[in-house]
Amino acid sequence: MRKMSSAPRPILNIVAALIALAPVALIGSAQAAECPRKDALGTSRVLEVDPATYPRVGLKSFPQTLPLRDGEVVLTFDDGPTPGITDKVLTALATECVQATFFMVGRNAADHPDMVRKIARLGHSIGYHSWDHPHLNKMPADHAEANINRGIEAVQTALRGTASTVPSTPFFRFPYFESTPALLGHLEKRGIAVFGADFWASDWNKMTPEEELKLLTGRLEGHRKGIILLHDPQMRTAEMLPAFLRYLQEHNYHIVHIVPAAMKTVSDRTH
């Protein structure tokens with residue numbers, strides 16, 4: 001994307017846009033890209049998630065989770081993007097060649113579209129987390145659906161420059177994990193997978209980075225695998241993350257990057 005003078009500029013612009021807007025599409029097989037730093041933690045494999053097979057995952061909220069092996073974890077971050085703090089999270093991940101998934105609040109994406117594009121450009125998956133993080137289960141269903149769609153539109157506008165309620169990545173997480181049967185059914189019909197988590201760092205509570213690391217690693221040792229929930233706008237998490245990634249490497253854990261299933265594998269549904 002830097003200086004490819006042998007190709008016409010319009011072609012270069014198209015290629016650059018495709019790379020920035022659809023980073024995970026470049027990974028055709030369930031294998032992680034090569035990491036230039038041989039001693040880094042790295043991303044062990046890429047897992048394609050088909051919402052038809054996994055309409056909702058995360059044992060804290062649902063009976064099913066992703067098919068992870070012992071020692072495999074999926075890193076997910078909520079509530080961003082937030083310039084400065086999210087940048088620290090991205091730097092820590094890049095240093096270890098680790099890919100994660102960011103569930104973005106639409107209002108933040110609208111305020112910081114450059115951050116949305118940066119996260120996508122770095123190859124992370126982007127999910128959706130409503131427009132302004134309300135208690136969706138306490139709202140009329142049509143208002144809740146409108147809030148979800150407004151959040152999707154904001155992220156899509158930041159990514160593509162065009163508003164759309166069709167998510168590029170069909171991954172959604174309810175604020176506070178507060179869903180309703182009606183909203184879950186609505187998202188399932190739209191082919192959007194709902195993510196809970198298997199465990200988390202409780203990083204919304206006041207604590208030091210060291211205390212958060214101890215709490216998170218203790219829970220990790222108890223679960224041995226799973227979808228981990230973190231929050232990229234939390235400075236304590238940004239400061240804790242490098243040590244946590246080193247812990248994962250030193251204790252033989254492996255990072256799994258989740259991406260959408262290839263379009264041809266996503267089941268059509270009429271219900």
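Tutor: Here is a walk through the aromatic rings, with a word on confidence to begin. Keep in mind that this is a predicted model. Mean pLDDT for the protein chain comes to 88, with 85% of its residues at 70 or more.

Now for the rings themselves. The count of aromatic pairs is 6. One of them joins Phe 172 and Phe 174: their centres are 5.0 Å apart, and with 85 degrees between the planes the arrangement is edge-to-face. That label applies because the angle between planes is over 60 degrees. Are these two partners buried or exposed? Phe 172 has 2% relative accessibility, so it counts as buried. Phe 174 is buried too, because its relative accessibility is 3%, and the cut-off for that word is under 20%.

There's also a cluster to pick out: Phe 103, Phe 171 and Phe 195 belong to one aromatic cluster.

Tryptophans come in when you turn to charges over rings. Arg 150 lies over the face of Trp 131, 3.9 Å from the ring centre. Over at Trp 200, the residue lying across the ring face is Lys 60, at 5.0 Å from the centre of the ring.

Terms used. Residues are numbered from 1 along each chain as its sequence is written. This is a predicted model: local features need pLDDT of at least 70, side-chain atom pairs count only at pLDDT 80 or more; totals for chains, interfaces and linings use all residues. Side-chain values use heavy atoms; hydrogens and water are left out. pLDDT is the predictor's confidence in each residue, from 0 to 100. Rings of Phe, Tyr and Trp (its six-membered ring) pair if their centres lie within 6.5 Å; planes under 30 degrees apart count as stacked, over 60 as edge-to-face and the rest as tilted. Buried means under 20% relative accessible area, exposed over 50%, partly exposed in between (1.4 Å probe, protein chains only). A charge sits over a ring if NZ of Lys or CZ of Arg is within 6 Å of the ring centre and within 35 degrees of the ring normal.
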